Amino acid sequence: MSMIGEYARVTPAELDRALGDPEWALELVGGRMETEAAECPQPEPARCLDIDKAWDALGFLLRRAAFPVDIVHGEEAVPDADDWGYGPPRYLTPERVRAAAGALAEISGERLTAGVGPEDLAEAEVYPTIVWERGEPLDYVSEHYELLRPFFRAAADKGDGMLMWLG
């Protein structure tokens, strides 16, 4: 089974409720994911987004770039949340989503991956290691990063917070 990086935009009121009732949040997000799976919206209007297996490579590259917000794992754990796949969800407040969106606007996918090759990811044991050991290019990672940029921008523009987890 693969580990997939998942995101859900939530209003401030939804985030507050999610922090007190993580089971409600899981139902909310599950319903949105089901609806959007059929619609396949672009990142801007989407309420949910997955970055497939690119999450660990993005985390590696963003740490290397001294990115100011942990947009891969979130910065705070949702209190008392059960496992949503590979651990409980984490979140970003609307303020941290705005900070992330601003920083994302400054770094293109091409710039993020510049000077890094698959051998660097393999050496760092970035998931899924076998892909990097085969020498696959980082296009897959930069493509998923480019989806995060408008997704976070739309969330920031609406004043949304963010839930994230590995599913």
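The side chains of Glu14 and Arg47 meet in a salt bridge, with N and O 3.8 Å apart. Glu14 sits in helix H1 (residues 12-20), while Arg47 belongs to the loop between helix H2 (22-39) and strand S2 (48-50), so the bridge ties together parts that are 33 residues apart in sequence. Both Glu14 and Arg47 are buried. Keep in mind that this is a predicted model.

The pair does not stand alone. Arg9, Glu14, Arg32, Arg47 and Asp160 are linked in a network of salt bridges. The count for the model comes to nine salt bridges.

Now look at two other bridges. Glu146 pairs with Arg149, and their closest N and O atoms are 3.0 Å apart. Both residues lie in helix H8, three residues apart, which is about one turn of the helix. Glu146 is partly exposed, at 32% relative accessible area. Glu136 and Arg134 also form a salt bridge, at 3.6 Å from N to O. Here Glu136 is partly exposed, with a relative accessible area of 33%. Arg134 is exposed, at 54%.

Next, turn to helix H3, residues 55-64. Why is H3 described as largely enclosed by the rest of the structure? Seven of its 10 residues are buried, so the rest of the structure largely encloses the helix. The buried residues are Trp55, Asp56, Ala57, Leu58, Gly59, Leu61 and Leu62. They pack against strands S1 (5-10) and S5 (161-166). They also pack against helices H5 (109-113), H6 (118-123), H7 (129-133) and H8 (139-158). After H3 comes Ala66, whose phi is positive, near 55 degrees.

Technical notes
Residues numbered from 1 in each chain as written. Predicted model: local features only at pLDDT ≥ 70, side-chain atom pairs only at ≥ 80, totals over all residues. Heavy atoms only, no water. Buried < 20%, exposed > 50% of the residue type's maximum accessible area, 1.4 Å probe, protein only. Helix = DSSP H or I, 4+ residues; strand = E, 2+ residues; numbered from the N terminus. Contact = heavy atoms within 4.5 Å. Salt bridge = Lys/Arg side-chain N within 4 Å of Asp/Glu carboxyl O.
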